[in-house]
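Okay, thanks everyone, let me walk you through this one.

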Amino acid sequence: MNLNQITVPSIDVAKAISFYEKLGLRLIVKALPHYARFECPEGDGTFSIHQVDELPKGEGIYVYFECTDLDEQVANLMEKGIAFDEPATDRPWLWREARLRDLDRNRIILFYGGVNRKSPPWRI
């Protein structure tokens with residue numbers, strides 16, 4: 001099995017497209033007003049947005065995008081007007097993360113995990 005894509009809900013897919021393009025994703029499908037799909041700048045993973053009438057309640061969705069140049073990425077995005085809830089910070093689970101939300105309040109975490117991404121010291 002290989003993970004193909006993650007899809008998140010959006011009230012306004014057209015506005016969400018602009019946000020995710022600012023993050024650096026490349027738009028490959030634009031089926032407005034209901035759907036959009038992106039390629040990630042690295043790897044084979046894709047990311048999509050689908051229109052909903054109502055957003056999920058509660059904690060919602062967390063999406064992690066790994067960046068080898070995390071601090072530089074965060075600085076570039078801040079220059080583009082992207083607001084972060086939390087700046088790039090070293091975490092106890094040995095990742096460096098910066099946290100923000102998209103226009104629909106989905107949580108986006110930009111991170112660098114290095115060797116600890118899949119093989120932290122506590123791995124089984």
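Before the sheet, a quick word on terms: two strands count as paired if DSSP finds at least two bridges between them. Strands (E, at least two residues) and helices (H or I, at least four) are DSSP runs, numbered from the N terminus. Keep in mind that this is a predicted model, where local features need pLDDT of at least 70, side-chain atom pairs count only at pLDDT 80 or more, and totals for chains, interfaces and linings use all residues. Residues are numbered from 1 along each chain as its sequence is written, and side-chain values use heavy atoms, with hydrogens and water left out.

So, the sheet. In general, strands of a sheet pair through backbone hydrogen bonds, either parallel or antiparallel. Here we have an open sheet of four strands in the order 5-8-7-6, and the pairing is mixed. Strand 5 and strand 6 (86–90) are the edges, each pairing on one side only. From one strand to the next, the twist averages 20°. Strand 6 and strand 7 (residues 96–101) run antiparallel and are joined by three bridges; Asp90 stands opposite Arg96 in strand 7. Phe65 has Leu110 in strand 8 as its bridge partner.

What lies across strand 6, strand 7 and strand 8? That's helix 2, running at about 25° to strand 7. For that angle, axes are lines fitted to C-alpha atoms, for helices over the stretch in contact, and angles run from 0 to 180 degrees between N-to-C directions. Contact means heavy atoms within 4.5 Å.

Now the core. A nonpolar core is a set of buried Ala, Val, Leu, Ile, Met, Phe, Trp, Tyr and Cys residues joined through side-chain atoms within 4.5 Å. Buried means under 20% relative accessible area, exposed is over 50%, and partly exposed is in between, with a 1.4 Å probe and protein chains only. The largest core has 26 residues, and Tyr20, Phe47 and Leu110 touch the most other members. Helix 1 (13–23) gives the largest share, six residues. Leaving out residues up to four places away in sequence, Leu110 touches a list that includes Phe65, Leu70, Leu77 and Phe84.

On to the rings. Rings of Phe, Tyr and Trp (its six-membered ring) pair if their centres lie within 6.5 Å; planes under 30 degrees apart are stacked, over 60 edge-to-face, and the rest tilted. By that rule, there are eight aromatic pairs. Take Phe38 and Phe47: the centres are 6.5 Å apart and the planes at 40°, so that pair is tilted. Both Phe38 and Phe47 are buried. Buried or partly exposed? Tyr64 is partly exposed at 36% relative accessibility, while Phe111 is buried at 5%. That goes with strand 5 having an uncovered face, Tyr62, Tyr64 and Glu66, and a covered one, Val63 and Phe65. And Phe65 also belongs to an aromatic cluster with Phe19, Tyr20, Phe38 and Phe47.
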